[in-house]
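Q: I'm new to this structure and would like a close look at a single part of it. Could you walk me through its main nonpolar core, and then show me how a pair of helices there pack together?

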Amino acid sequence: MTVHKRSATITALPRCPVPSSPTEAFDPALPAPLRQARLTAALPPMLQRLLAQGRIDRRPRFGDDGFDGMIELWSAPDGVTAAEAALARQSLEELYATVLAPADSDHLLGRVLTLLSHFPAKGLSPEVERMMALDWAEDLGEYPAWVIDAAARNWRRSRKWRPSIAEMRALCEDLCAPERALADRLGTLAAAVPRDAGGTDLRAVATGALRRMGGMG
């Protein structure tokens, strides 16, 4: 009797490449925690380590109406080096130049005018409506386009009345809170070591650190 042995072929699944920049990592359609996790994973390993080692203190926040929830204060770990601080500053600049870059004024104005047209106000002339939209564009001008778009979409799908500027600003703040929290932590790392008054190019120091890690070609 002949016994035939079966052989199995195991095919390795392709590994998903790790994003190497905020632009590659960022997807506004993802849930907030996953967006922040992907952005953090795109940072240089030494910054990921420092962010994980930081300390979080939770303290109560009080507003005009009393207790207004808890806030988190993040502190950098001890021993941050000049190279690490420079690298954090470099990553922070890239984050603000891409993911957190303010919306183009034309895009912002168009989005505001479209949103307000869903909730027409009686007795206002087109000129007054446009002037109001310009006020909106000024007061929302600090937010990225993806935040403005998401806030407008959220409002028109869940509200029956015209929003106020304050309501839209609050909504925008909530939408980009994870990205701004990451930016705040990078800023804390960057400030852990003051800029060298002696003229040392800290950007060059950071670039050298990346090359030693194999993070740059």
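**Inside the core**

A: Let's start in the middle: the largest nonpolar core holds 47 residues, and Leu-47, Leu-140, Leu-186 and Leu-189 have the most contacts inside it. Keep in mind that this is a predicted model. Two or more core residues come from each of α3 (45–53), α4 (82–97), α5 (105–117), α6 (126–139), α7 (145–158), α8 (165–175) and α9 (177–191). The largest share, six residues, is given by α7. For background, nonpolar side chains tend to be buried together in soluble globular proteins.

Now zoom in on Leu-140. Setting aside neighbours within four places in sequence, Leu-140 touches Leu-108, Val-112, Ile-148, Met-168 and Arg-169.

Next, take α7 together with α8. Their axes lie 9 Å apart, and the two helices pack at an angle of about 120°. An angle of 65 to 115 degrees would count as roughly perpendicular and one over 145 as roughly antiparallel, so α7 and α8 are oblique to each other. The crossing of α7 past α8 is right-handed. On the α7 side, the contact is made by Trp-146, Val-147, Ile-148, Ala-150, Ala-151, Ala-152, Asn-154 and Trp-155, while α8 brings Glu-167, Met-168, Leu-171, Cys-172 and Leu-175. Sorted by type, the residues of this contact are eleven nonpolar, one polar and one charged.

Stepping back, the chain has ten helices and two strands, running α-α-α-β-β-α-α-α-α-α-α-α from the N terminus. Of its 217 residues, 33% are buried. Among contacts with a separation of 6 or more, 68% link residues 24 or more positions apart.

Note on methods:
Residues are numbered from 1 along each chain as its sequence is written. This is a predicted model: local features need pLDDT of at least 70, side-chain atom pairs count only at pLDDT 80 or more; totals for chains, interfaces and linings use all residues. Side-chain values use heavy atoms; hydrogens and water are left out. A nonpolar core is a set of buried Ala, Val, Leu, Ile, Met, Phe, Trp, Tyr and Cys residues joined through side-chain atoms within 4.5 Å. Buried means under 20% relative accessible area, exposed over 50%, partly exposed in between (1.4 Å probe, protein chains only). Helices (H or I, at least four residues) and strands (E, at least two) are DSSP runs, numbered from the N terminus. Contact means heavy atoms within 4.5 Å. Axes are lines fitted to C-alpha atoms, for helices over the stretch in contact, and angles run from 0 to 180 degrees between N-to-C directions. Angles under 35 degrees count as roughly parallel, over 145 as roughly antiparallel, 65 to 115 as roughly perpendicular and the rest as oblique. A crossing is left-handed if the near helix is turned anticlockwise from the far one by less than a right angle, and right-handed if clockwise. Ala, Val, Leu, Ile, Met, Phe, Trp, Tyr, Cys and Pro count as nonpolar, Asp, Glu, Lys and Arg as charged, and the others, Gly among them, as polar.
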